[in-house]
Amino acid sequence: MSAKRTDQPNVQIKVNRRGKKEQVNIIGVSAGYHDSACCLLQDGVLVAAVQEERFSRMKNDKSFPRNAFRYCLEAGGITIGDVDCLAYYEDPTLKLGRQIWMGTISELPADRRSAILDRLVTPQPQAIMSQLFGYTGPIEIVDHHFSHAASSYFFSGFDEAAILTVDGVGDWPSTTYGSGQGTQISRFEQVDFPDSLGFFYSAITGYLGFEVNEGEYKVMGLAPYGEPIYVPELRKLVEITSEGQYRLNMKYFGFLAEESMYTEELCKLLGRPPRKPESDLQQFHMDVARSVQVVLEEIMLEKTRYLHSKVPSENLCMAGGVALNVVANSRCLRDGRFKRLFVQPAAGDAGGSVGAAAMAHVRLTGERPAHKQLDNVYLGPANSSDETYHILKTSSAKFQDYRGREDELIAYVAGQLVEGKVIGWLHGRMEFGPRSLGARSILADARRPEMRDRINALVKMRESFRPFAPAVLEHKAAEHFDIDHKSPFMLETCQVISPIDLSSITHIDGSARIQTVGPDANPRFAKLLEEFDRRTGCPILLNTSFNLRGEPIVCTAVDAMMTFVRSKIDVLVVEDCVLDRSGIPALWDLQAEMAPEKMGEAVGHLIYTLL
Amino acid sequence: MERPSESLKSFANHVARLAASESAAQLTSLLRLAGLVDDPSGRSNSEGAQRGATDVVGSPDRVGIWEKKQEDGQTVFVRSREVMKDWNYWANLGRIELKGAKKRVLLIGESVARGYLYDPIYTPAMVLEKMLESRFGPGQVEVIDLARTNIGLEVRELAISALQLEPDALVMFSGNNWRAGYPLDPRHVPVIDTALREKGIAGVKQFADESLGEEVRSVVRDISTAYADRKIPIVWIVPEFNLMDWREPLISAPHLPDGANRTWLELWERARMALENGSFPHAKDLAQKMLDLDAGLCVVPLYILAECSRHAGDREATRRYLELARDSSVWDPSISASARPLAVSQRSIREEARKTNHEVVDMPEILKEYLKGEIPDRRLFLDYCHHTTEGIQISMAATAAAILRRLKGEDVPWRSLVKDALAPSREVEAEAAFLSAVHSAHWWQSYDVVLHHCRQAVRFSRHITQVMKFFVDLQTRRTPMLMCQAAERISELKSPLLQHYLLRYNHQQLDVVLLDAIANAMKELDIDAEKDLQRLRQEEHSVRNRDIDLLEYYFNSAGLQPQEVMWVLPRQDRITRKAADYYRAYGLDSKFMFIGERDCPLQFTFTCRLPGHAAFQGAVTIHLNDKQLAELPAASSWSTWDITVPGNVVQDGCNKVVVRWPMPEFPGQHAYAGIQNDLIMGNIPEFYCIFGEIHTFTVANPAGTKTTVPLEQHELSAIGK
């Protein structure tokens, strides 16, 4: 049967059936555990990637990423019929095996066992995706840690590399050792659940009163305030065994059966009860944080050395949640035997979607995805400047319109920063991964010592010990930081060597987690830094994520406006429009209060959502 | 905790491989439901759900949102900040004092008892108190308003906890939200599964009816007994429904045995034509055949039969069919039906309340008498079940008469109490009527009904035209509603009703029926809103300026097809199936609207597929403003089409697009397996046949849309500057 146009008198209608697009379109999916996401790989080029939480507005949303999937189609200019393959980031059957294994613990509490039974009656991800997305083509299942490994290696630009993946848990493994060579990734050793460096660190995170799977970076930030006096005790938690292996001493860990990551034995070992969330932090907590960081670094260093002994490459690729521990990464690079390190910017589970898609690309085409180091992660949705203007114009907001006058906009914002204003900044495509890198950022003058407390009070409401990060002009980074290469993803720490007092972005140990900014990846942000440098002699801005505590980073212009309303940020720059607090209409408070209903699935933070 | 044995890993993986199939999951579920696999936690879904709901409405230290406190040795109930999110659903009452010398009457119920669309300015509790005061004397009686919008069968816990307030009498004005909920009580799943196998969906309906009857009886019995034990009289109000004017959207029948849906659809088409031709006996005959096929599961034949009976002057038959239509959805959680008192609830209240010698105010009987046999309609109802002032006054007069009988021993005819009843101002009436128009339009009511409420509004008070202009503006903007200038203007009017309902519970949509009705009603006062509306629609939504996604809620909702819009509904307060993130057609036609401009050509991009097995193919036709544009071969895999249309078939303003699907292969009872599976898995089942699916449907200006907003532009606005 062929299509027929139905011409009316004087009406010429053209009807064309679209053939499938010639390029290979693969959509990677991660879901069901933490930070669900989708990405689109077109002919091996990563053209879109986004976490579902940015649309659903549910932080760490784990639901199947319906909005992210739609966005990927739109970003790639394709329809559902053009998708060659879905790639799912873990093996559901292996994961189910691990869950059933947990159910064999004889004294497992009834609700845990019941939850395992629930898993047996829950549809498999393939069936859910087929129904939810309407997709009926092939689905490539990629083992969780292969997804992590691929997400790093295939985007590292290395021809060959050793690969280390470390996280809490996926299906069975929690740590894997392997290598990449051309199109091939191989694994020669793994450490299986329940032994897990991720859980080791998370157990202490929970003990210190922070949210598990969310507060680990707070522990890392707290560590420099303490002394490593509990290292001997914490070493008892992990027994280092031969080769790449290690073993958790389960008497200190409760995650197999309890609603807690740790047991009473840990409290006895450390001689104190766990810290209540939000209570005062004492020196003891800082010392424990420092100690756990030291122990983690020791193990990571030893295991990367072991990996090098097996894969004597100059290049190391890392991924998995533990690879977001930038301090440990830096130590592995500094004190280890690898010369170069690549960490995938969305190293956690969201990034697993990218790795799964890359693996599927290799399986389908026999070729490696685009052989070039990932140079930016501006892979999410953008807002139209005109649409943003239209929203403001049809409201009662008082704002400035800088459309077509970027230089004036930059000059204005730089002036505001010099005056000490805190700026909410939204421009271009949204970042993929946990870091704001100048597309959805809060910016301020890093030279002002009061800025850390001020931003905390205005918007972040976070712990005062946590440092903010700097964004620095790429070509001037070495003048202010002890670093000799680009760091575009805020995934490395280095010492601050600047002659300028940068106390608001300098950690207590003199380090900073820097983002270097060049004109290619984010021209407008680079221009702003240039202008600020021209005015002040300082090519550095404080850069933190544009969100309120407990919320995902803003995505749309309206998200940014509503977050601006609910925070106390001084100035909002949303694409080419600028408004300050005096320009906010009265009724926007109500709109902000009635933010769109959250559609996603929240993640529990008492314990890893093992099930 | 010791780790499990390493040797069990291989065993666990083996079990996982066996378990990772749909049939294995189903088997596990069935064994669990049958009690053959113990649920280790011993939990019950329904227990959990119920506990959550009842905790909010009542406990030993709380009545609704008011928690018990001791102040200066006195017990008072103070609105709890812990449940602040819930405050909007209740009376705006900060505290409930210790009972004093006044007679204390409690009023419990749902939104009807709240006085929906008049509340907080005018409520049944106020009317009742005033009526009682006229007999007890000023300050001698108080009515405590414990009605909560959206409350269901949890009125039991609320009523029992309300004994803490030491009432002299209780008024129960409830029953509109009493329906079977989902997820089902797991204990019911095997029963429904059996009913489905033996009697099809009609068996599910029968079970829903019976189990709701049991539940209602138990609720009425528990409340009645608890109050009878303390010798506190209850006035049970049996609620009535807007039978004459409220219409459910006309949707296809659910899966019928032996694939009888095809015959049913053909009969519907013939009956529709018979009605159009005025051939009522023929239409009646055809509708009766439809009813025989669907066993009362669907409103369509019942409405046709009601219409034929009305035409024949048979009022009782008309009433009967309309009542059956009202009750036809009792079994179906998958569609978003408005609140209603089902016959089984009405009957159960009457019977159980009388057993314990409580008072019964039977609104169906009272309104029948009041209307001299006519069927209740828009005179008494703002929508499906919420009363107009007249309806509130009658129901409260009958209630007051019953209370006076019990507390004062006086026998006062209720009609005598209506005469001096409290009434709202004309401005409030206008606002309530306008809100009713908005509400009715968003519940897919006809242009006639929506226009009626708009006209009522402008007749009550001219000030409402200003609100209407603001509303037209904010509803048509792309800017989020509360960010619009027009919303600011409405807010500045300081009307509690507009603030509460219009700015809280509205969602922007193309709203052709409503906005056109508003413009039409304003014409009565010689206000030309039509021109502004058209101009604004073009400015904001013309396809000349921007690409349109017809699947977006704003445009999709203009098709007035509730089942088809559920997947993009921007609210979660209605039960919806969201298992599929694409458009599913539940009838032969899928309808959309967009704003076009004459002579602006169009390019449609359309990705569709047909459900069912791979061999099924058919032709899908696309129509623009009743002109067929294309006939597309479609199959079970997605195909994408680009259709370019010249500008001379495009209209200025609203353009109607219809996708016409081929008659599907109806699965009949084969579909029951899917329903059973959904029931077992705790999902809302798919009871209806899917005719076609759309993944992409956009319309654009093939010349490219205008991408730059002029730096200095003249902003067209319905509200002016």
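Is B:Ala295 buried, exposed or partly exposed? At 45% relative accessibility, B:Ala295 counts as partly exposed. For that scale, buried means under 20% relative accessible area, exposed means over 50%, and partly exposed is in between, with a 1.4 Å probe and protein chains only.

Okay, some ground rules. This is a predicted model, where local features need pLDDT of at least 70, side-chain atom pairs count only at pLDDT 80 or more, and totals for chains, interfaces and linings use all residues. Residues are numbered from 1 along each chain as its sequence is written, chains are lettered from A and ligands numbered from 1 in the order in which they are written, and side-chain values use heavy atoms, with hydrogens and water left out.

Let's start with chain B as a whole. Chain B has 26 helices and 19 strands. Along its principal axes, the C-alpha trace of chain B spans about 80 × 80 × 65 Å.

How much of chain B is buried? Of its 721 residues, 60% count as buried. Then there are the contacts, meaning heavy atoms within 4.5 Å. Take the contacts in chain B between residues at least 6 apart in sequence: 75% of them join residues at least 24 apart. The accessible surface of chain B is about 27900 Å², and carbon and sulfur atoms own 49% of that. Those areas come from the Shrake-Rupley method with a 1.4 Å probe, and for residues, only the protein chains shown count as cover.

On to charge. Chain B carries 85 positive and 97 negative side chains, and the centres of the two sets are 2 Å apart. Here Lys and Arg count as positive, Asp and Glu as negative, and His and the chain ends are not counted. Each charge is placed at NZ of Lys, CZ of Arg, CG of Asp or CD of Glu.

Most residues other than glycine have a negative phi, and most peptide bonds are trans. Back to our opening residue: B:Ala295 has a positive phi, near 55°, and is not a glycine. You'll find B:Ala295 in the loop between α10 (280-294) and α11 (299-311) of chain B. Over in chain A, A:Asp35 isn't a glycine either, and its phi is positive at about 60°. A:Asp35 sits in the loop between β3 (25-30) and β4 (37-42) of chain A, and is buried, with a relative accessible area of 16%.

Where are the cis peptide bonds I want to show you? One joins A:Phe193 and A:Pro194, with omega about 10°; A:Pro194 is in the loop between β10 (184-192) and α7 (197-207) of chain A. Another runs from B:Asp119 to B:Pro120, with omega near 15°, and B:Pro120 is in the loop between α4 (111-114) and α5 (124-136) of chain B.

Next, a helix. In chain A, α15 covers residues 406-418, so to speak 13 residues, and reaches 18 Å from its first C-alpha to its last, close to the 18 Å expected at 1.5 Å a residue. That expected span is 1.5 Å times one less than the number of residues. Among the buried residues of α15(A) are A:Leu409, A:Ile410 and A:Val413. The cover over its buried residues includes α18 (523-536) and β22 (540-545) of chain A. After α15(A) comes A:Gly420, with a positive phi near 95°.

Last stop: which residues of chain B does A:His390 touch? Not counting residues up to four places away in sequence, A:His390 touches B:Arg478, B:Thr479 and B:Glu540. A:His390 is in helix α14 (residues 385-393) of chain A, and at 5% relative accessibility, A:His390 counts as buried.

Terms used:
Helices (H or I, at least four residues) and strands (E, at least two) are DSSP runs, numbered from the N terminus.
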